[in-house]
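Let's take a walk through this fold together, moving from charged pairs to strands and back. Please have the viewer ready.

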Amino acid sequence: MENQNKFELNLKNGKIQVQRHSVGAQVIFRIVFSDNRPPLVISRAVHSNAYKFWTSIPEGRQKEAEEVGTLISEFFKTFE
């Protein structure tokens, strides 16, 4: 069975290395891109209207967070 704390996913024309970490009660993901972009840290957040969304830590890379977060969500659905 594939390790759920460290895994690799395909992203467009490259790959990403994903590491899952727990910080207190929060789960964060550190992403390293094969195209040498700076690493990205993302987390699942809850909007005031109670819907969940992916966000970058620190803020500013929202588009990447949503794109990568969707892939991570799909990855974990394979274990349900």
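Which side chain does Glu-64 meet in a salt bridge? The partner is Arg-37, at 2.9 Å from N to O; a salt bridge here is a side-chain nitrogen of Lys or Arg within 4 Å of a carboxyl oxygen of Asp or Glu. This pair links distant parts of the chain, with Glu-64 in helix α1 and Arg-37 in the loop between β3 and β4, 27 residues apart. Helices (H or I, at least four residues) and strands (E, at least two) are DSSP runs, numbered from the N terminus.

Before going further, a word on the model: it is predicted, local features need pLDDT of at least 70, side-chain atom pairs count only at pLDDT 80 or more, and totals for chains, interfaces and linings use all residues. Residues are numbered from 1 along each chain as its sequence is written, and side-chain values use heavy atoms, with hydrogens and water left out.

Back to our pair. Glu-64 counts as buried because its relative accessibility is 17%, while Arg-37 is partly exposed at 30%; buried means under 20% relative accessible area, exposed over 50%, and partly exposed in between (1.4 Å probe, protein chains only). Leaving aside residues up to four places away in sequence, Glu-64 touches Phe-33, Arg-37 and Leu-40, where contact means heavy atoms within 4.5 Å. Glu-64 and Arg-37 also belong to a salt-bridge network with Asp-35 and Arg-61.

Now follow the strands. Strand β3 (residues 26–33) runs antiparallel to strand β4 (residues 40–46), joined by four bridges; two strands pair if DSSP finds at least two bridges between them. Arg-30 has Val-41 in β4 as its bridge partner. Six residues separate β3 from β4 in their hairpin, and Asn-36 in the turn has a positive phi of about 70°. Next, β4 pairs with strand β5 (residues 52–56) over five bridges, again in the antiparallel sense.

At Ser-56, in strand β5, the relative accessible area is 3%, so this residue is buried. Its side chain reaches the backbone oxygen of Pro-58 at 3.0 Å and the backbone nitrogen of Gly-60 at 3.4 Å.

Finally, what does helix α1 share with the loop between β1 and β2? Lys-12 forms a salt bridge with Glu-67, their closest N and O atoms being 3.4 Å apart. Lys-12 lies in that loop and Glu-67 in helix α1, so the pair ties together parts that are 55 residues apart in sequence. Across the whole structure, a search finds six salt bridges.

Notes: Polar contact = N/O pair within 3.5 Å; in protein donor to acceptor, adjacent residues only side chain to side chain.
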